[in-house]
Amino acid sequence: MTASGTLESPAAPRPMPSLAAFTQRLRARLSMREDPATAAYDRIMRRLGISIGIAGIIVGGVELPEVAEQGRYAPAWWTVTAVVLAFGWYPIIAVVSAVSGPRAIRFVCGCAALSFLGALASIPFGLEIHTVDATTVWPYRVTALAVTAAVLAWSSRVTVIYLLAAATSAALATVYTLSSVTPQHVTENFLRSAGLAALFVWCGTAATGAAARVDRESAITSRRAAAQAAAQSRDRERARFAALIHDAVLSTLLEASRAGTKSDVLQRQAERTLEQLDECRGAQRDPDLLDARSAVLFLRAAVQEINPSVRFATRTWPGYDDLRMPVHSASTIAAALTEAVRNSLRHAAVPGREVRRTVTATVSAGSIRIVFSDDGAGFDLAAVSADRLGISMSILGRMRQLAGGSAFVESQQGEGTTVTLVWGGDGSR
């Protein structure tokens, strides 16, 4: 089975793509570069990046009156340059966080943090010493925002060093620019700036660290489940081979020891035993391949790890026992399926009644179809915001990256949600 799409006729003119369609394709193309094993970390980086970008735009708007007031003491070129250095990167951070991955987010956040230091360093070139009649120079109040961008850009150690450098530079800027300043005033400014920035550092580091731990635990759980399923498959193969040895080979040898003369029955039995041994040898399975039962057990274990109350049903079609699924394919499907379950647990609740959740696995010869459905709140697919990446990346994106895989999401307000995952072979056969 393949993903649904619109059949294109060579003779039919193609309509001009809309901006929304272009943005969706761009996000899908960029998300292909990401490692599915870091889904939680990627998601928290995106959401923090969007939040920081929007916060920078808001802070810039709030500070404009103060910027204009203190701009009376400086040439216009400096005011414009300092505003661009202090706030110019935040709209870019918001856009990049919505359409790209963590690597790009780290880069633009690092640029924003360094650009803020550039704004502080430019103060002596634009403002005369002790000319500003205020409690602080306006770039001072942007310090915590710049430090928060540094959290996403660099490691904790580098971020702490940046925090101290930025807070010290901001405090020294007040010494240089303000008309009336005391050591106590400078100390208070430094402690206020460093303390607020440290709070943002702690929150950002805790969020990204927790997401990274979730990814590590998910990877460990998936590997353990895959190893267990593969071991069960190998044990069944050994048991099947042992049964064949006992039932066919030993029986044939026993009959041969008892027969004193040539026997047509014994000959046919020996030929059949040899055929069974050849079939068994030819059907030796790669330990990295799961049969139908092992694949279903693997997926069931992944779902019940998230919520044991989710009902898991299995249907089979003739030839289902021929299914051979690579472990990495099963892991990808399990990751997409568990993301669908998590989304339902977070968003599908309906006040006053229990939401029913069901997973149905349909196995046929060479393919498997997983349908997760709930009768919860549902949502409008067209109204999903850009930062809701659980569907676009963790479900649809994962399945698009999987050879032979596809995924579909259907939902309406008040009518529940259905997520369908399909795998039809990895193209290696």
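Me: Where does E63 sit, and what makes E63 count as buried?
Reply: In this predicted model, E63 is part of helix α2, residues 39–70. Its relative accessibility is 10%, and buried means under 20%, so E63 goes in the buried class.

Me: Which residues does E63 touch, leaving aside those up to four places away in sequence?
Reply: F87, W138 and R141. A contact here takes heavy atoms within 4.5 Å.

Me: F87 and W138 are both aromatic. Why is the pair of F87 and W138 called stacked?
Reply: Two numbers settle that one, since a pair of aromatic rings is described by the distance of the centres and the angle of the planes. The structure holds three aromatic pairs. For F87 and W138, the ring centres are 6.0 Å apart, and pairing needs them within 6.5 Å. Their planes are at 15°, and under 30 degrees counts as stacked, so stacked is the word for this pair.

Me: What makes the pair of F87 and W138 a tie between parts that are apart in sequence?
Reply: F87 is in helix α3, while W138 is in the loop between α6 (123–126) and α7 (143–153), so the pair joins parts 51 residues apart in sequence.

Me: How do you know whether F87 and W138 are buried or exposed?
Reply: Check each against the 20% limit for buried. F87 has a relative accessible area of 10%, so F87 is buried. W138 comes in at 0%, so W138 is buried too.

Me: Why is the pair of W154 and Y162 called tilted?
Reply: The centres of W154 and Y162 are 5.6 Å apart, with 55° between the planes. Stacked takes under 30 degrees and edge-to-face over 60, with the rest called tilted, so 55° makes the W154 and Y162 pair tilted.

Me: And what class does each of W154 and Y162 get for accessibility?
Reply: W154, at 28%, is partly exposed, because that class runs between the 20% and 50% limits. Y162 has 6%, so Y162 is buried.

Me: Which residues do ring pairs link into a cluster?
Reply: W78, F87 and W138.

Me: Back to helix α3: what makes A86 buried?
Reply: A86 lies in that helix, residues 76–87. Its relative accessible area is 2%, and buried means under 20%, so A86 is buried. Leaving out residues up to four places away in sequence, A86 touches A119, W138 and V142. A86 and G60 are 26 residues apart in sequence, and 8.5 Å separates them C-alpha to C-alpha.

How values were computed
Residues numbered from 1 in each chain as written. Predicted model: local features only at pLDDT ≥ 70, side-chain atom pairs only at ≥ 80, totals over all residues. Heavy atoms only, no water. Helix = DSSP H or I, 4+ residues; strand = E, 2+ residues; numbered from the N terminus. Buried < 20%, exposed > 50% of the residue type's maximum accessible area, 1.4 Å probe, protein only.
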